[in-house]
Amino acid sequence: MNEINELKEINEKKIIQIIETLAYNIPRKKIFNAIHFEREYQQEKIKIARWQEHKSLPEFLLIIEAELEEAKKAWIKGGTDRNSLGHEILQIAAVCVAALEELSGEQLSMLTAISLNSKADKSFGSVIQEDMP
């Protein structure tokens, strides 16, 4: 009887962990999906406008700074749709992703290793690593 109670307690703990994990990850997955789709939109916009696709990290910093200024204006003026504060922040995130895409495989691996080895980011890094392709 004692073993059955122990199994029930273990199963209850596992169920609680699964529910907590899902509750934590579902909103984040929606955010990552939104960033992904905005990044795809930006990529198409670059192709249509025939802009220079590859930029240096300092050039990306300037673009991020410009996007941040747009976010500030959206906050002050109360922008809507693609000009809303939330969407401006989404655009900043997508530009940051584009900047990271410019890193070499070795540089990106190094950044990932730093994040995964950091004590503060250990649990966060493992979630990202498992969820990302």
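Me: Which conventions apply to the numbering and to the computed values?
Reply: Residues are numbered from 1 along each chain as its sequence is written, and side-chain values use heavy atoms, with hydrogens and water left out. Because the model is predicted, local features need pLDDT of at least 70 and side-chain atom pairs count only at pLDDT 80 or more, while totals for chains, interfaces and linings use all residues.

Me: How many helices and strands does the chain have?
Reply: Helices (H or I, at least four residues) and strands (E, at least two) are DSSP runs, numbered from the N terminus. The chain has 5 helices and 0 strands, in the order α-α-α-α-α along the sequence.

Me: How many residues of the chain count as buried, as a percentage?
Reply: Buried means under 20% relative accessible area, exposed over 50%, and partly exposed in between, with a 1.4 Å probe and protein chains only. Of the 133 residues, 19% are buried. Contact means heavy atoms within 4.5 Å; among the contacts with a separation of 6 or more, 61% join residues 24 or more positions apart.

Me: What span should helix α2 have at 1.5 Å a residue?
Reply: The expected span of a helix is 1.5 Å times one less than its number of residues. For the 21 residues of α2 (residues 57-77) this gives 30 Å, and the end C-alpha atoms are 30 Å apart, which agrees. The 17 residues of α3 should span 24 Å, and the end C-alpha atoms of α3 are 24 Å apart, again in agreement.

Me: Which residues of α2 are buried, and where do they fall around the axis?
Reply: An α-helix has 3.6 residues a turn, so residues three or four places apart point the same way. In α2 the buried residues are Phe 60, Ile 64, Glu 67, Ala 71 and Ala 74. Seen down the axis, the buried residues of α2 fall within an arc of 70° (taken from the directions from the helix axis to the C-beta atoms), so they line one face of the helix. The face turned away from this buried side carries the exposed residues Pro 58, Leu 61, Leu 62, Lys 73, Ile 76 and Lys 77. Leu 61, for instance, counts as exposed at 58% relative accessibility.

Me: What covers the buried residues of α2, and at what angle do the two helices pack?
Reply: The cover includes α3 (85-101). Axes are lines fitted to C-alpha atoms, for helices over the stretch in contact, and angles run from 0 to 180 degrees between N-to-C directions. Angles under 35 degrees count as roughly parallel, over 145 as roughly antiparallel, 65 to 115 as roughly perpendicular and the rest as oblique. α2 and α3 pack at about 175°, with their axes 8 Å apart, and are therefore roughly antiparallel to each other. Among the residues that make the contact are Phe 60, Ile 64 and Ala 71 of α2, and Ile 92, Val 95 and Ala 99 of α3. The contact residues divide into 14 nonpolar, 1 polar and 3 charged; Ala, Val, Leu, Ile, Met, Phe, Trp, Tyr, Cys and Pro count as nonpolar, Asp, Glu, Lys and Arg as charged, and the others, Gly among them, as polar. Within α3, the buried residues include Ile 92, Val 95 and Ala 99.

Me: Where is Lys 55 placed, and with which residues is it in contact?
Reply: Lys 55 is in the loop between α1 (2-49) and α2, and is partly exposed at 23% relative accessible area. Leaving aside neighbours within four places in sequence, Lys 55 is in contact with Phe 60, Ile 63 and Glu 102. The C-alpha atoms of Lys 55 and Glu 102, 47 residues apart along the chain, are separated by 7.4 Å.
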